[in-house]
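Please look over the sequence and the model first.

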Amino acid sequence: MAANNEKQRKVSRIEAVGLVLVIFSMAMLFLNAGAVGGLFNAMFNRAFKVVVPVYVTGSIGCAIIISVTMGRILERLGFTDALMRIFVPLMKYVGVNACVAIPVIYNILGDVNAAGRISSPIFKKAGATKDEQKIGIATMMQAPCSFSILIFGIIAMTAVNVRVFLVLVLSYFLPILLVPFFLRLTIWRDCKAVSLHEIPIFTPETGFLPTIFGAAKEGAELLFTLIIPACAIVFAGIGALDFFGLWAPFEGALAAMLTWMNIEPESGVVSLLAGGSLAMAQIKDIAMNFTPQMIVGSFVLASSGFPLQVIFGQVPVIWTASTDLSHRDCIVAATIGAAIRLATAGVFATFLGFLYLR
């Protein structure tokens, strides 16, 4: 009787999800057992094609280690403190902590992963609020994550007689001020400009040899314990969507949207899904086949925090380790920053041609 009187535990939401998955899995095994193996193979193949040739045996993995090393050397040589001296006066007019400009500068110089690893601890040391930390991520998304994007972009834009310097000023450096200002006025308002005497010194006192070898070790740790797992998970998810026939329509919708925005769709999709370096490497050789506006729009899009695995994998994993932000906060901030960059590319391609055309 006592057992009958006990209240049964209600099914929680996550248990309901689990039950649906159990039923779905059993149905797949009963109806088509081979589909389970097919799903795994689709996830593995999609992740393998990116993780191994790009990060493990390719140049990107080595570039990440070198980027972290160079970033730490610059930090040891006073680069971060010099940036703060430059941006503290400027950010007083914007109304935010000057540290929001640090990640985007390191991103322009090297790599989005190195930028996050080096600059994210600065936010807490500088007393930045959570809103300012989010603004820092969103602003970082306005810069290219590879120096090769800049070089290939210059080649492509020169071929179609674009005023390259003006494009670089408008698309690389102006957003460092405009994006924080826009976000402070609209979404994240808990911001406060600080004076230079309120900010600590960021240059470490570590010896140069320990800095170099410690940074190389840090870069390898970042690559193998954070970036590769995050990339594998994101591309495995894409593989699963592709297995169920859901990814191709999404990819087609991306191409249609880019065409509507006057951005070259093939290179644009590559920028969104694979990376800006590959996109600009493709388009520099065929730039003469497109209008200058379309080339500039493609360059601005490639010069960003895309591809998607950066937004949904690498940024949240790296930034949550040394900031007050959750994974969700980081993903939302990166997504908003990426959306701003996508809109910026569309504006350049559609409305600003009169500024940079010869």
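The sections below cover the basis of the model, a helix pair, the nonpolar core and one isoleucine.

## Basis

This is a predicted model, in which local features need pLDDT of at least 70 and side-chain atom pairs count only at pLDDT 80 or more, while totals for chains, interfaces and linings use all residues. Residues are numbered from 1 along each chain as its sequence is written, and side-chain values use heavy atoms, leaving out hydrogens and water.

## Helix 8 and helix 17

Helices are DSSP runs (H or I, at least four residues), numbered from the N terminus. The axes of helix 8 (residues 130–140) and helix 17 (residues 327–350) cross at roughly 45° and come within 7 Å; these axes are lines fitted to C-alpha atoms over the stretch in contact, with angles from 0 to 180 degrees between N-to-C directions. The two helices are therefore oblique to each other (angles under 35 degrees count as roughly parallel, over 145 as roughly antiparallel, 65 to 115 as roughly perpendicular and the rest as oblique).

Contact means heavy atoms within 4.5 Å. Lys 130, Lys 134, Ile 137 and Ala 138 in helix 8 meet Asp 329, Cys 330, Ala 333, Ala 334 and Gly 337 in helix 17.

## Nonpolar core

A nonpolar core is a set of buried Ala, Val, Leu, Ile, Met, Phe, Trp, Tyr and Cys residues joined through side-chain atoms within 4.5 Å. The largest one has 98 residues, of which Met 91 and Phe 299 touch the most other members. Helix 17 supplies the largest share of this core, nine residues.

## Ile 318

Ile 318 lies in helix 16 (residues 308–319). Its relative accessibility is 5%, so Ile 318 counts as buried (under 20% relative accessible area; exposed is over 50%, partly exposed in between; 1.4 Å probe, protein chains only). Ile 318 and Asn 113 are 205 residues apart in sequence and 7.4 Å apart in space, C-alpha to C-alpha.
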